[in-house]
Amino acid sequence: MRYWAFFLPVGCLVAFAAYLGVRAGQVPTETEIINRYAAAYVAEVGDGAALTDCAATPHPHDAIRMVVVCQPAQGDPMTFLVGPRGRLISEGERGVGA
């Protein structure tokens, strides 16, 4: 048996793992973050909600990347605090006086 035939599948697995690692390490853009949370807002509110109801502002604290606020035509606004890597920060994690 040829040695390259043995190492070819191993090399493919290593290349695939490297690809997955690079993809997992990428930080989402601000546009991707706003679109993600605007879509979550529309899915939760339903009728009458639009993606354009949402806007984002940067946050001065390093633990919070941005604040996405979605204001429906009627009712209270929904606020999403987003961490540095695009993850939603829960109430218990805030602790920064936001």
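User: Hi! Which strands pair in the antiparallel sense over 5 bridges?

Analyst: Those are β2 and β3. Bear in mind that this is a predicted model.

User: Thanks. What is the strand order in the sheet they belong to?

Analyst: The order is β1-β2-β3, in an open sheet of 3 strands with antiparallel pairing. The edges are β1 and β3, each of which pairs on one side only. On average, neighbouring strands are turned by 20° against each other, ignoring direction.

User: And which residue stands opposite M66?

Analyst: That would be V82, in β3.

User: What lies across the sheet strands?

Analyst: Helix α2 does: it lies across β1, β2 and β3, and runs at about 145° to β3.

User: OK, the core next. Which residues make up the largest nonpolar one?

Analyst: There are 12 residues in all: I33, Y37, A38, Y41, A49, C54, M66, V68, C70, M78, F80 and V82. The elements giving two or more residues to this core are α2 (30-45), β2 and β3 (78-82). The largest share, 4 residues, comes from α2. In general, nonpolar side chains tend to be buried together in soluble globular proteins.

User: A49 is on that list. What does A49 touch, leaving out residues up to four places away in sequence?

Analyst: A49 touches Y41 and V42. Of that pair, Y41 is also a member of the core.

User: Changing topic: where is R65?

Analyst: R65 sits in the loop between β1 (54-58) and β2 (66-70).

User: Which backbone oxygens lie by polar atoms of its side chain?

Analyst: The backbone oxygen of P28 is 3.0 Å from a polar atom of the R65 side chain. For the backbone oxygen of P84, the distance to a polar atom of that side chain is 3.3 Å.

User: What else does R65 touch?

Analyst: Leaving out residues up to four places away in sequence, R65 touches V27, P28, T29, E30, I33, P58, H59, V82, G83 and P84. Among these contacts, I33 and V82 belong to the largest nonpolar core.

User: Let's zoom out. What pattern does the chain follow?

Analyst: Along the sequence the pattern is α-α-β-β-β-α, with 3 helices and 3 strands in the protein chain.

User: How does its radius of gyration compare with a compact globule?

Analyst: The protein chain has 20 Å, whereas a compact globule of 98 residues would be near 13 Å. Its C-alpha trace spans about 70 × 35 × 20 Å along the principal axes.

User: How much of the chain is buried?

Analyst: Buried residues make up 21% of the 98 residues.

How values were computed
Residues numbered from 1 in each chain as written. Predicted model: local features only at pLDDT ≥ 70, side-chain atom pairs only at ≥ 80, totals over all residues. Heavy atoms only, no water. Polar contact = N/O pair within 3.5 Å; in protein donor to acceptor, adjacent residues only side chain to side chain. Contact = heavy atoms within 4.5 Å. Core = buried A, V, L, I, M, F, W, Y, C linked by side-chain atoms within 4.5 Å. Buried < 20%, exposed > 50% of the residue type's maximum accessible area, 1.4 Å probe, protein only. Pairing = 2+ DSSP bridges. Axes fitted to C-alpha atoms, helices over the stretch in contact; angles between N-to-C directions. Rg over C-alpha atoms; globule rule 2.2 N^0.38 Å.
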